[in-house]
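Let's read this structure together, one question at a time. Have the sequence and the model open beside you.

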There are 2 protein chains.
Amino acid sequence: MKTKAAVAALAALAQESRLAIFRALVQAGPAGLAAGRIGELTGIAPSSLSFHLKELSHAGMVDSQQAGRFVIYNANFAAMNALLGFLTENCCGGHPCTPGESVCAPSDEAA
Amino acid sequence: MKTKAAVAALAALAQESRLAIFRALVQAGPAGLAAGRIGELTGIAPSSLSFHLKELSHAGMVDSQQAGRFVIYNANFAAMNALLGFLTENCCGGHPCTPGESVCAPSDEAA
DNA sequence: TCGACATTTCAAATATCATTGAAACATGAA
DNA sequence: TTCATGTTTCAATGATATTTGAAATGTCGA
């Protein structure tokens with residue numbers, strides 16, 4: 001993943017409405033949710049919702065598929081995992097980190 | 001981690017200069033880097049750098065400590081791990097995801 | 001075809017963010 | 001104290017993002 005893609009992905013998630021949308025899709029799993037259902041869950045107005053969904057889609061964080069008059073959105077889990085990997089990439093210059101100091105290893109305190 | 005903190009953390013990273021700063025600090029490890037050194041590595045002007053460092057600090061993604069006339073910044077690895085955990089939290093509603101479809105498990109394709 | 005529903009597009013207004021340069025502050029050395 | 005260095009603050013400018021409402025598009029059922 002390149003820096004620009006990472007910035008785009010982070011920017012897509014760095015917004016209250018979009019983060020709520022994305023989390024709803026993550027929790028919904030691969031089956032996804034219809035746009036209207038997302039609107040119900042998040043309380044976002046249709047036009048604003050569409051704007052944010054397009055933003056997320058353009059950043060590659062969600063995919064969509066038409067199903068009748070519904071449009072089903074789902075989280076792009078591969079993109080999410082790529083982003084997580086990017087953030088920890090080359091951590092501590094590749095050297096192993098001291099395990100007692102809350103460092104690179106993602107098994108630390110995740111709260 | 002609460003939603004607002006996550007949005008703040010993501011917004012802090014969703015900017016080319018700040019992402020570059022943060023990655024430099026991640027690669028530097030717990031020892032951190034002086035502000036001036038970060039400026040050298042990233043090519044960011046001092047006042048702009050200070051602005052972004054304050055932004056990252058306010059979001060809890062970096063810590064700082066005075067060392068003589070230098071100010072040493074270091075990545076807050078615990079905060080980073082908390083953010084990563086937040087994004088995958090409650091994935092697929094808690095149900096185990098089908099492993100062959102690039103889903104929740106972070107061992108998929110991280111590129 | 002017609003009407004109802006789901007979603008998207010458009011334009012305008014508001015708000016927020018990033019960059020710049022100059023100046024101020026703090027620290028250490030002479 | 002005085003000077004040089006490292007870092008931060010401030011104000012102004014330009015750029016970008018978000019929201020809103022109305023209208024348009026596309027799809028299904030009768």
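Q: How do the residues of the surface near DNA strand D divide by type?

A: A residue is near a strand if its C-beta atom, placed from the backbone, lies within 6 Å of it. Ala, Val, Leu, Ile, Met, Phe, Trp, Tyr, Cys and Pro count as nonpolar, Asp, Glu, Lys and Arg as charged, and the others, including Gly, as polar. Here, the surface near DNA strand D has nine nonpolar, eight polar and four charged residues. This is a predicted model, where local features need pLDDT of at least 70 and side-chain atom pairs 80 or more, while totals for chains, interfaces and linings use all residues. Residues are numbered from 1 along each chain as its sequence is written, with chains lettered from A and ligands numbered from 1 in the order in which they are written.

Q: Which residues come nearest to DNA strand D?

A: Among the 21 residues around DNA strand D, the nearest are A:Ser47, A:Gly68, B:Gly36, B:Pro46 and B:Ser47.

Q: Which elements give two or more residues to that surface near DNA strand D?

A: Helices (H or I, at least four residues) and strands (E, at least two) are DSSP runs, numbered from the N terminus. For DNA strand D, they are α4 of chain A and, from chain B, α3 (35–42), α4 and β3 (70–75). The most comes from α4(B), with six residues.

Q: And what surrounds DNA strand C?

A: DNA strand C has 21 residues around it, with A:Ala35, A:Gly36, A:Pro46, A:Ser47 and B:Ser47 the closest. There, α4(A) gives the most, with six residues.
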